[in-house]
Each structure stands twice: as structure tokens, then as C-alpha cells.
Number of protein chains: 2
Amino acid sequence: MVYRLTLSYRGTAYAGWQRQPNAIAVQQVVEEALGELLGREPAVVGAGRTDAGVHARGQVAHLELGGEVELRALVHGVNHYLPEDVRVLAAGAAGAGFHARKSATAKEYSYRLSRAAVLSPLDSWRTVRVEPGIDLGAMREATALLIGRHDFTAFALAGGAHRQPRRTILAAEWIDREAELELRIVGDGFLRGMVRSIVGTLVEVGRGRRPASGIAALLSGQPRSAAGPTAPARALVLERVDYDVRRSPGGVSGGARAE
Amino acid sequence: MVYRLTLSYRGTAYAGWQRQPNAIAVQQVVEEALGELLGREPAVVGAGRTDAGVHARGQVAHLELGGEVELRALVHGVNHYLPEDVRVLAAGAAGAGFHARKSATAKEYSYRLSRAAVLSPLDSWRTVRVEPGIDLGAMREATALLIGRHDFTAFALAGGAHRQPRRTILAAEWIDREAELELRIVGDGFLRGMVRSIVGTLVEVGRGRRPASGIAALLSGQPRSAAGPTAPARALVLERVDYDVRRSPGGVSGGARAE
């Protein structure tokens, strides 16, 4: 049976989602908790390889188990063995062809800035401060240019080794909430470090250091050095992963399904 | 000169605002940071004696200094010496008669519940879980009965030694935000543990364990045992403290003023 897990974590203490040789990753603690529960450590595949310090509200992962397990017992059993900064929010049975990363059709990330003069410690662990006078209008103008299918090489961290740097941004907008500014961005996929490089570049636009229209030129395969800096990890959250129900060409039910 | 500080802190690691003999309190770390900055530790008086684990977004405190200090330097200088879970958000000069606690005319607290089946680790450090089916209508009916001037003895923790248990609740409402339920409550003052006992009692109403109308009977000096349990500290935040501009009887400017 293939099972699908929805996970949330504070990334502060982790080297990211993916197992690392010399640091603790979220994937590892999830696999170890499943091992404690089931007596055998299954491989857990995540939809998004979140970087060190990045949080998740709706990471999705899949695993294959020999037998059937009761879903409520799976959720509460794994949570019993997980540290308190990682939680399974939900579990479901998935179709045999379901793959958390390959079946995903879209992901949504959020990134939180604040224009407060001093950040409250209730927010500072997951928020990055910007100047109160930052030009949100210019940032919104630049953000609109991201929508569509583009070559995001200028926004990809080295080490990603992306053979195919083209991605489609389906939606991107800034929510303006008192001192807070939150970017919500939805795409069919993201290169390594892409959201954070986008934010770093948009903040430069907001500071008047590059024109909003300059974003268009960056979306045609320019090198990483052409874009702005990579914004800090602590303000980035993987909010959700989408899976469309796909139908096999001729019929009613089909390959990758979830929930 | 009397100075007024607006402070925010994560209360998780502290024994509350007020100095304790065998535990670290927020008041102590603020006084010590001021001591590092000024070479002499002044006494800092807070508006609200928040309990162990309770957070603040807008605590107010005052202190008296021999000379004058530049306000920006005071904010950034104290923050330099404070741990990252305590921050001075703003500083101002206050009138000679200003007293953070005695001059306060109102305080606002928030308390955050969640109806999620499993709490996200992004929220769990400052949220308390309740059953998804909790009866918010009944809780709102009970909450409305709190408005006005009442004897809150039934909602006061022992050890508070309140000579005068009457307080006026100026506003109280539940904000319903997806899985989250947030109580916002404004009063001219609060007895020790009062907001948390109110929440514990309202949750019992939401669970059908006591009628909404039962709150009225509790507001006439009944003992603590008549009300519900004290809800956990981690979901309580002192949001703000209000100071009305008071004019001296005959004139234009007067006693307690701030900002």
C-alpha cells in the first residue's frame, strides 16, 4: 500500500527536508519515527526538498508499506515518536502510482516580511525585517512579471543542477497586513532557492536599487549573478502541494491519485 | 526623567514578568540589559504582571533615569543586550507622574485556540487545541455576559490577594479564522490568572458541560472552584496597554501622560 502524509514542521533546527550525512534532516526524523512505530524504517519521499531553516505547513510525502495500517493510528502513532517541531497533520491511502514529488502539479510557498521598526519576538523567528518605506507598488509591478512560463536560471542556487530550468508561475501576490507583507507564490515547480532569490530581488526593486521592469530581462536564462541576493530561510514556508486527479486516457480512474 | 518602554516577548522561557528569587523573569533581563547599557541598573515597573509562559506584544514599562537619553539609542542599545526573545519596540519620554501600572486605563489580551485535528508546529507553541465541533455560538453567548463591571473572584488565581475583585470588561469577542479561534478581551484591569480562567470556563461552555447563562451567576463573587479550569499560559498574549491623556482639573496639561 502507498500512503500519503501531510506534514508540518518548524525548520529552524533542521538541515532541510532531505537526509544529510552530517546534520539532522526532517526526512530522517520522520523515517525514524515510522521505524519506531512499525518496527522497520520505510523510505519516505517528500514533495519539496525544503532547504535548511525553511518551514512547512503542508509538505506532502509518500511511503510504501507491506500491509495496511489504520490511518488515525498512523497519524497519532508517528506523532508520538516525532519531536514537537515536526507533526503529521493527516494521512491517506494513495493510488499505486502516486509519487509525492513526481505527481505534484503545483506548490504554494509564502514569504513573510515586516516593516516594523523592531520585530516582535513572537514573529522574528519567521519574519525578515525591511525598511518601513519600501515601495510595495514597485514590488507588485515586478511580481506580476513572474507569472507565466520562464527560464529561472537567474534565481536558482548553485548545486541544484537543474537540467530543465523552465518553470511556470501560476500566481504570485503580496498581501499587505498592517506592518506585515506576505508573498504568496504558486508554481508548477521551483528550482533550488528560487523563492528566496525572487524575494531578494523583489526587495531590491522595493528599495529602488533596480527597476521593476528589470525582472523581465532576468527571466530568459541569465546567470544567478544577475539577480538579487538569496533572502533568509526563516521567513519561507512551504504552504501546500497540489495533486490534480488525473484520468487515464481512455477511462474513469487512473494513475496518480491522492485523497 | 521618566521613560516609557513598549516591550514584546516570547514568555516560553520565563517565569513571568515579575522578578522571582529562583527563576528568570522578563523584568530581570530588561533591568540587566539597561544596566549593561547605562552602567547602573534602574528599576523597571511593568503595566501587567504576566504569568510564567505568557507572551506580550505590547507590554509597557516605566523607569526613571537621572539624565536624558536619546530615544533611538535607548531602544537599540537595550536590544543589543537583551536575549532575542525579549525586545524593546519603542521608547518615549513620559510625564513625571507616569506609572506604567497605575496610570494604565485599559489592557487588551488575546487567547488563541485551534480546532485543527493536529496542531502545526508553526502554531503549537502559542495555541491550544480544542475539539473541531466546539460550540462557538454558546461560547459567544457566554462571552457577551462578561461585558460590564463584575466581581471576578471566581476567575482569580489564589495568591493574587486582590483586595478589590471588581473589574470592568470593556470588550470581549471571538474572532473565527479558519481552524483558529481567537479571544480578544479588553478590560480596565485583570486579576491574576483571570483571562485564562475565563477561557477555561468558556471552553467548558463550548463543550456543553455548563450552560452559557451560567456565567452570569459566576460574576457575583463566587469562589474560584465554581468556575472552569485555568487554560494553559502559552496561548495568552498581552497585546496592548492603554493610557488616556488625563488633564489636570483646571488646565491644559497634567499628571500622567504618555506618548
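Chain A is divided into domain 1 (2-102 + 245-257) and domain 2 (104-239), with bounds that come from an automatic or database domain assignment. The model is predicted: local features need pLDDT of at least 70, side-chain atom pairs count only at pLDDT 80 or more, and totals for chains, interfaces and linings use all residues. Residues are numbered from 1 along each chain as its sequence is written, chains are lettered from A and ligands numbered from 1 in the order in which they are written, and side-chain values use heavy atoms, with hydrogens and water left out.

The C-alpha centres of domain 1 and domain 2 of chain A lie 27 Å apart. Their contact (heavy atoms within 4.5 Å) takes 19 residues from domain 1 of chain A and 16 residues from domain 2 of chain A. Between them the two domains bury about 1200 Å². Buried area is the accessible area (1.4 Å probe) that two parts lose on being put together, summed over both. Carbon and sulfur atoms carry 51% of this domain-domain area. On the domain 1 side, Asp51(A), His55(A) and Arg57(A) supply 42% of the area buried against domain 2, more than any other three residues.

Three salt bridges are counted between domain 1 and domain 2 of chain A. A salt bridge is a side-chain nitrogen of Lys or Arg within 4 Å of a carboxyl oxygen of Asp or Glu. Arg57(A) forms a salt bridge with Glu239(A), with the closest N and O atoms 3.7 Å apart. The side of domain 1 of chain A that touches domain 2 divides into five nonpolar, eight polar and six charged residues. Here Ala, Val, Leu, Ile, Met, Phe, Trp, Tyr, Cys and Pro count as nonpolar, Asp, Glu, Lys and Arg as charged, and the others, Gly among them, as polar.

Attention now turns to the contact between the chains. It takes 24 residues from chain A and 24 residues from chain B. The area buried between chain A and chain B is about 1600 Å², and carbon and sulfur atoms give 64% of it. In chain A, Val118(A), Pro121(A) and Leu122(A) lose the most area to chain B, together 41% of what that side buries.

Two salt bridges are counted between chain A and chain B. Arg57(B) forms a salt bridge with Asp123(A), the closest N and O atoms being 2.9 Å apart. The residues of the side of chain A that touches chain B are supplied in part by strand E1 (2-9), strand E3 (55-64), helix H2 (71-81) and strand E4 (86-94), each with at least two. Helices (H or I, at least four residues) and strands (E, at least two) are DSSP runs, numbered from the N terminus. E4(A) gives the largest share, four residues. By class, this side of chain A holds twelve nonpolar, six polar and six charged residues.

Chain A can be laid on chain B with an RMSD of 0.0 Å by a turn of 180° and a shift of 0.0 Å along the axis. The two copies are thus related as by a two-fold rotation axis. Copies are superposed by least squares on the C-alpha atoms of residues with pLDDT of at least 70 in both. The copies meet through the same surface, because 100% of the interface residues of chain A are also interface residues in chain B.
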